[in-house]
Amino acid sequence: MRRSLPWIAGAALIGLPFVYHAPYPLHILIIILIWSFAYTSWSMMGRFGLVSLGHGGFMGIGAYVTALSWNHVGLTPWVGIPLALLAGGVLAVLVAYPCFRFRITGHYFALVTLALSGIVLQVITATRDQTGGSLGYTPERYRGGSSLYALQFSGKATWYLIALAVWAAGLYAWHRVDRSMTRYALEAISEDEDGAAAAGVHVTAEKLKITVLSAMMTALAGALYCQYQMFISPDTVSGIAISLQMVFAVVVGGIYVSLGPTVGAVITILLAEVLRISFGTRAVGWDNLVYGVLLVVFIVFLPKGILGSLLELRRRPRGPAAC
Amino acid sequence: MGVLDIFLLEALINGVLLGGVLALLSLGLNLVFGVIDVVWICYAELIMLGMYGMYFLYVVYHVPIGLAAVVCIVGVGILGVILHVVVIAPLLGAAPINQLLATGGVLFFLQSAATVLFGIEFRNLGLRLPVLKLSELFISYSRLLAFGAALIGMVLVYLFLTRTYTGTAIRAIAQDRQIMILMGVDSRRIYVITSALGGGLAGLAACLLVLQYDVHPFVGLSFGPITFLICVLGGLGNFAGGFVAAFVFAELISLGGLYLDLEWGYVFAFVFFIVMMFVRPEGLLARRS
């Protein structure tokens, strides 16, 4: 029963849009899936103590490179998205390699990457002749309707399935890392870098691998968001606020479990939507208020996040919890 | 003098004055950072609350501005203590990143509390300080004032840290937090005092910033990140380094803004920060050991 549960859940998720296709709930689901994927990408490195506040930058690169190469060069997103991933990866290497080489860790790593997301945001705003600046940017519609070539679809069900596939791929990547030697190497590094190096772990290479993977996945999330929403602005896909949002959602959901980021996305997005619907414009600010309090309470009392703590509760009666 | 030279000179001077504001901003954060080893991500939001305090006291309740400033400094100091006791103290033993994130939660909380309570309108004191005119140069008094206050604040903090018993204990704790407890220093008391001082400096910054800028719930985001970068660039807890870093940053922003756009000024400052982290990770003025 336990083994078949993921398959049943997966089949239910795939079947959903064929049975039920009210646009608004599907839209919320798509948004949740895209952000879940972004949060999962962040947690790939975040769970090893590599706390990056630069992922807003990678997401912005993903979205803007895809949109700019479509509008200005006429490149289909099928070429534009790999380009965007490449750009995100190169940027990650440029910043992360010196960081790891010079052993910039902890607070310092978080702040260097914070500067990175600041740079991406300011560059997007400064090049307003090409990117539209803070007013935002829209990829041009391809002859009005849906097109596989332009990766533009008017139906929500198509987007739901795409987002679902990408999200599942993200979880698969998480599990691949979880089962690999890389995981043990990175856990050793996060405990004690010198010890890990002495034990034969190539510290810089291992950290760089996971960082590039995480950055490229985040760039993909940005590209996907851009293609789905057909509107991006520096504040919605890049910058420090987005970076913090990623970190917070993951911490609320649970940083050490595969579905933690997804749970974090569901909770934060549903909270914002419920408050918005039930209170309308009066709710401006209330969602973040609740969110901020929750976050502090979580970090003080439930540092493993909602899902992490629930799983531990379930495990506990059977014997001592394995850390 | 040619026209360009005037602009260049004005940009340079404005850079120096902006540097004063940034130095003042980073002073309190640097103290908390250096002593308690915790990053108050919500530091800029404390300043935002201080600015609102000034606005309400001066504009709504017609309190004299000097008294309002004192109330505001003490008030934000108390907020600093509350922040420490409620959020930081339970997390002192936790992973550093959890402390960072918890104060991040406080950031969201304060920002949205301000949105809910005060609305999103921009507010200002309605007070315009005169502009100093030196032949063809224009220099704003409020910036001069902030510059002077930053200098005085730094000297006072320096004297407090080096000339008083409590100050010596604070520096000792910053050097070795395990040993000092054995030496009979009550680290909890020292942390509370440091938090009050850090909060008070945030309050001082608020009093001076509100003279130049409008206050709104998201004002903290516009200078918060820069403040952290300055502290790190200068070296944590290294006040002189923080001061120099503030001026380097301010000149980069000011000159970048003169020749290109203001955004490029910020880009240069951020790139400079990242490069310097690789070259001198211990801070600009670190002694080579």
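1. Radius of gyration here is taken over C-alpha atoms, and the globule rule is 2.2 Å times the number of residues to the power 0.38. With 323 residues, a compact globule would come out near 20 Å, and chain A has 20 Å, so the two agree. Along its principal axes, the C-alpha trace of chain A spans about 60 × 45 × 40 Å.

2. Before you go further: this is a predicted model, where local features need pLDDT of at least 70, side-chain atom pairs count only at pLDDT 80 or more, and totals for chains, interfaces and linings use all residues. Residues are numbered from 1 along each chain as its sequence is written, while chains are lettered from A and ligands numbered from 1 in the order in which they are written.

3. On confidence, pLDDT is the predictor's confidence in each residue, from 0 to 100. Chain A has a mean pLDDT of 85, with 95% of its residues at 70 or more. Within chain A, helix α10 (residues 203-229) has the highest confidence, at 93, and helix α15 (residues 305-315) the lowest, at a mean of 75. Residues 319-323 of chain A have pLDDT below 50, and beyond near neighbours in sequence this stretch has three contacts in the model. Where pLDDT is low, the predicted coordinates should not be read in detail. For chain B the mean pLDDT is 81, and 92% of its residues reach 70 or more. For the complex, the predictor gives an ipTM of 0.73 and a pTM of 0.82.

4. Now the secondary structure: helices (H or I, at least four residues) and strands (E, at least two) are DSSP runs, numbered from the N terminus. Chain A has 15 helices and zero strands. Chain B has eleven helices and two strands, and along the sequence its pattern reads α-α-α-α-β-β-α-α-α-α-α-α-α. As for overall size, a compact globule of 289 residues would have a radius of gyration near 19 Å, and chain B agrees, at 19 Å. The C-alpha atoms of chain B fill a box of roughly 65 × 50 × 35 Å along the principal axes.

5. The interface uses 38 residues from chain A and 38 residues from chain B; two residues count as in contact if their C-beta atoms, placed from the backbone, lie within 7 Å. On the chain A side, α4 (77-101), α5, α12 (240-253) and α14 (286-301) each supply at least two residues. The largest share, 14 residues, comes from α5(A). By class, the chain A side has 30 nonpolar, eight polar and no charged residues. In this scheme Ala, Val, Leu, Ile, Met, Phe, Trp, Tyr, Cys and Pro count as nonpolar, Asp, Glu, Lys and Arg as charged, and the others, Gly among them, as polar.

6. Have a look at α14(A) against helix α4 (residues 96-118) of chain B: they pack at an angle of about 155°, with their axes 7 Å apart. Axes are lines fitted to C-alpha atoms, for helices over the stretch in contact, and angles run from 0 to 180 degrees between N-to-C directions. That makes α14(A) roughly antiparallel to α4(B); the cut-offs are under 35 degrees for roughly parallel, over 145 for roughly antiparallel, 65 to 115 for roughly perpendicular, and oblique for the rest. The crossing is left-handed, meaning that the near helix is turned anticlockwise from the far one by less than a right angle. Residues meeting here include Trp286(A), Tyr291(A) and Ile299(A) from α14(A) and Phe108(B), Phe109(B) and Gln111(B) from α4(B). This contact has 15 nonpolar, seven polar and no charged residues.

7. The other cross-chain pair to check is α5(A) (residues 106-126) with helix α9 (residues 219-234) of chain B, whose axes come within 10 Å and cross at roughly 135°. These two helices are therefore oblique to each other, and their crossing is left-handed. Tyr108(A), Leu111(A), Leu114(A), Ala115(A) and Gly118(A) meet Pro225(B), Phe228(B), Leu229(B) and Val232(B).

8. Inside chain A, α12(A) packs on helix α13 (residues 260-279) at about 105°, with the axes 7 Å apart. That makes α12(A) roughly perpendicular to α13(A). Among the residues in contact are Ala249(A) and Val250(A) of α12(A) and Pro261(A) and Ile267(A) of α13(A).
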